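I opened a new model today.

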Amino acid sequence: MAKDELTTENIDYVRKGFEKKYADNLKKNDVYDKRDVDRLKESDDYVKTFIRGKERLDEAVDLVHESLKWRLDWHINDVTEDSFDRWVWDKGALFFHNVDKDGHKILTIRVCLHKKDPQTLPIIKRLFSYHLEQHFKETPHEQVVIMFDMQDAGLSHLDMDLVKYVINSFKYYYPCMLAYMLIFEMPWILNAAWKVIKTWLSAEAAAKIKFVTRSDIQAYINKDQLVEHMGGTDKFKYKYVPSASRTEGDGSATVNARKRSKEVTFADQDPAVFRSVDKEEINTNSNAKENKPLTLNLSPANSRSPRTSPSPMARKQHRDENSFIGRLLTVSPAEELEFNVDENGRESFDIISLTNTLPYAVAYKVKTTSPEKYRVRPSSGVVKAGTCTEVYVYLQAGYQNSTIQKDKFLIMGMDVTDDNCTISELWKSVPRDSIMEHRLRCVYTASKGSPDTPIKEIPLSMPDKVARMSKQMDELVTSHSSLEKRVQWLVWSQILMVIAVITAIVAMYFFETSPGGKYGSCVSSLF
């Protein structure tokens, strides 16, 4: 959307909406940087950078909060080129260079020059943010292209935390800056990592990621704007030039001396009465028999008649792709809970997955219009930063009929920003408009069964798969690094052994041919 299409009313709506919704935060001195708040009040252009569309003004209000809070946490306004040690710049793992066919500047990330290291990760994150901020200061409404150069990269270079930070930067902190992202020459061994990354993205964001190789990258970038190893004619070689040594016109503070062919400057349902399913209600109904979870279908409900369940594979695939991405939590399923009811009346349940991709914890509550029918475990809690929590919703025996389609569930989320208060106190004091809400309706499917028919276990949910895959990737990276060290040790051992053998042979040769040696004595006797 072109920013000049936004009206003054749109801008005022976002500005006043933020001031009203986050009034309590504005009264504090430790939530936002005053410089950012002042700029928000004074600059219409700054407000525009948070608006993705005229129909997404409420989203922009929340994005202002997320971005300004992050900017203070990371002290973005105070980061300069001198904030980084010289080795960070000399490494050349992150830099702006050249433009795509539409004139968007390209920020290249050389993945092969980065290795997962908890000690240096904050530095790399800050460096990435510094590049984006410098570009934002110069041309706030110009989008950028992110180029992940994966050539020569392997498992030891993969850092999922860094990738998540890059994604969150464009999701929350610079929401209108990303044009698209290019993944150049991704090794096949990293395909599993992409499956994990995809779960962090909305459908809109996933569409902006393009996988390219030498043969097709020129569909996005002209040949003269591509470096040689990408099939282009640009002979660019990275070399950092300190700011004190640059002449005027060399580019921004983050860019080294470089040759450029083109100069570039840098809608809710009707409200229902929702009630919590508390521990007393759970204990009252604890005599109901619990069974293992079923594989569930999440296709939209078009009628109130029982459905015939699709295959387990189809249901699982639909669930994985069906998520609501909210301001604080990603909720899966997105629209409805489904209870697979068999003719034997056995208890069934569905699972709500709550994923937190934010850098801080989020508290949640689950309420329902019919607490006497359901048991919810756990019905409230906290989702830590970067983790996922699963909430089990049990439909109790005796209520398994079409009336459940009138029931609804409410998912509530709240920032956990005050460590001095308990969660229950925060729920009582937080303003209503600061709470994220999402509603789910209930549907049921009928299936035939017999007492001897085993109940099928649900395959691992996507969050479980993501967690397991991430753990396996970390273990694989660790094993790979250990193997590399062993190989290096073996190579050096063999080199030392060869040197020792050669030295021994030479020593023996000289010993044998010396006057006191065997052959030396024979030679001496001839004379």
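My entries follow in that order.

**Ground rules.** I am reading a predicted model, where local features need pLDDT of at least 70, side-chain atom pairs count only at pLDDT 80 or more, and totals for chains, interfaces and linings use all residues. Residues are numbered from 1 along each chain as its sequence is written, and side-chain values use heavy atoms, with hydrogens and water left out.

**Overall.** I found 15 helices and 17 strands in the protein. These are DSSP runs numbered from the N terminus: helices are H or I with at least four residues, strands are E with at least two. Of the 527 residues, 47% are buried (under 20% relative accessible area, 1.4 Å probe, protein chains only).

**Core.** I looked up the largest nonpolar core, which has 90 residues. Such a core is a set of buried Ala, Val, Leu, Ile, Met, Phe, Trp, Tyr and Cys residues joined through side-chain atoms within 4.5 Å. Phe-128, Phe-170 and Leu-354 are among the members that touch the most others. Helix H8 (residues 160–173) gives this core its largest share, 8 residues. A second, separate core has 15 residues, including Ile-106 and Met-230.

I then checked Leu-354. Its contacts (heavy atoms within 4.5 Å) include Val-331, Tyr-364 and Ile-411, leaving out residues up to four places away in sequence.

**Sheet.** Which strands form the open sheet? I read the order E8-E9-E11-E15-E13, with antiparallel pairing (two strands pair if DSSP finds at least two bridges between them). Strands E8 (324–325) and E13 (374–377) each have a single partner strand, so one side of each lacks a neighbour in the sheet. Strand E9 (residues 330–332) is joined to strand E11 (residues 348–355) by 3 bridges. Thr-330 has Thr-355 as its bridge partner in E11.

Definitions and conventions
Buried < 20%, exposed > 50% of the residue type's maximum accessible area, 1.4 Å probe, protein only.
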